[in-house]
Amino acid sequence: EGLAIGSTFDMPLVSRIYAASAKEARAIGIHILSTLVLELDRDPRMGRNMEAYTEDPYLYAQIAKNIVRGAQGANINAPDKVVALMTDFPTQSEPASGIERGAIELSERSLRENYLPPWIAAFNAGALGVMAGYPEIDDIPEHSSEKWNTDVLRNELGFKGVLVSEGNGFDSIVYENVAPDQKQAGAMALRAGVDVNLTYEPAYMGPLMENVVEGRVPEWLIDRAVRRVLELKFRLGLFEHPYVDPVSAQQVVHSAEHRELALEVAREGIVLLKNENNTLPLKKDLRSIAVIGPDADDGWSQLGDYSPSVVPHKMTTILDGIKQKVFPQTKVQYVRGCDVIGGKEDFAAAVQIARNSDVAVVVVGERPDNAGKGDAQATDGEGFDVASFDLTGAQEELVKAVQAAGKPVILVLVNGRPLSVRWEAAHLPAIVEAWEPGERGGEAVGDVL
């Protein structure tokens, strides 16, 4: 999850993360790493905050450079490197009303001064992939903007790679009423500089052929896009080496080295927000610990959106991580208490185990939209925008009830955007921001606690 990586402030680690991702991707025949988000987190209402890394342009530029160095390196023909595809140009963050795909109403000066530095750093490092943005800028849908996709991206910033559409991005030209249909939207986007259709929209299929036959689109525009794609395929060496080695792939994917890296990143990304009277670290030989909350034993909540719909390996939850770190004789009791969305479930049981323990660890926060499924119970991820940053459902009531039991309460937050925890900050002795810490995040939280 981006905010965890951004919170490490560790640039060599960023490079190692994306080198590992590239190595696994190339081993199984994936040649482009998307979505390497270069959108400043300037509006925490947006659900896609989790995909980005920071709100700071300078730090973002350093992160962007190291993402490209790690994923793409100096030679994409190498067996462990891929094309780094950066998204979404020039930005989707800070839209009108904080709503996904909302119009970007920033001044050009602000766009250039704050939002372009990460892109410039990525292109200076050699990034060869860019994704066009959804929103309109200056009343023009970005997918149809020759200014941004050709004049700025290529002629001014020197981008040499392939520009792909967003998922159903051509439709943005239609629903903004700039084009009446996909056929005209395709003609406009191709002229603007979009080379590849990401999601099989009609814009670049049969209707585009009709546009050429009817003389609405010159063939040189088709040639331009095809040439860019073919050049990238040649540079990747796909014609000389079209197949993967399954034996090598089994050794590379989810290797012990990469699992250790996942743990290291999770540890470095965790942020200690409050620690009154040295409440933390806890002694490993405590008599008993109560672990409470909807995100305490939910591995899925530790992954960001667009995670695989099936994860074949074990994810270590925070409950697991705590159990692994304490002494064998320490009694660890767990009660869920409530869901991320919804009312009370077993408050009484949660309060009871808190009362009978030396300390209570309450794990609350958000539930990401894993695999982009549009999960009704999700509270963050692309398109899951909010008007309030307060804990959802009955989570704050649960925290208050556990605190009233009279034992020290440590709050652990699992979330993809900043949350409002004013009561907790005033009344609890320790607060840990875990973000969405990945498959070994539970062990990392256990280490920190």
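On a 1 Å grid over the protein atoms alone, a cavity is a set of points where a 1.4 Å probe fits but cannot get out, while a pocket is an open set with protein on both sides within 12 Å along at least five of seven lines. Lining residues have an atom within 4 Å of a point. Grid points are joined across faces, edges and corners, and a volume is the space filled by probe spheres set on the points.

This is a predicted model, in which local features need pLDDT of at least 70, side-chain atom pairs count only at pLDDT 80 or more, and totals for linings use all residues. Residues are numbered from 1 along each chain, and side-chain values use heavy atoms, without hydrogens and water.

By this rule there are 2 cavities of 30 Å³ or more. In the table, Asp, Glu, Lys and Arg count as charged, Ala, Val, Leu, Ile, Met, Phe, Trp, Tyr, Cys and Pro as nonpolar, and the others, Gly among them, as polar.

| Space | Volume | Lining |
|---|---|---|
| Largest cavity | about 50 Å³ | 4 nonpolar, 2 polar, 5 charged |
| Second largest cavity | about 40 Å³ | 2 nonpolar, 1 polar, 4 charged |
| Second largest pocket | about 430 Å³ | 14 nonpolar, 4 polar, 1 charged |

Let's look at who lines them. Residues around the largest cavity include Asp41, Arg42 and Asp43, and those around the second largest cavity include Lys160, Arg228 and Glu231.

The second largest pocket holds about 430 Å³ of space. Of its 19 lining residues, Ile32, Leu85, Val164, Val196 and Leu198 are the closest to its centre. Helix H10 (219-236), a DSSP run of H or I with at least four residues, gives the largest share of this lining, 4 residues.

Conventions: Helix = DSSP H or I, 4+ residues; strand = E, 2+ residues; numbered from the N terminus.
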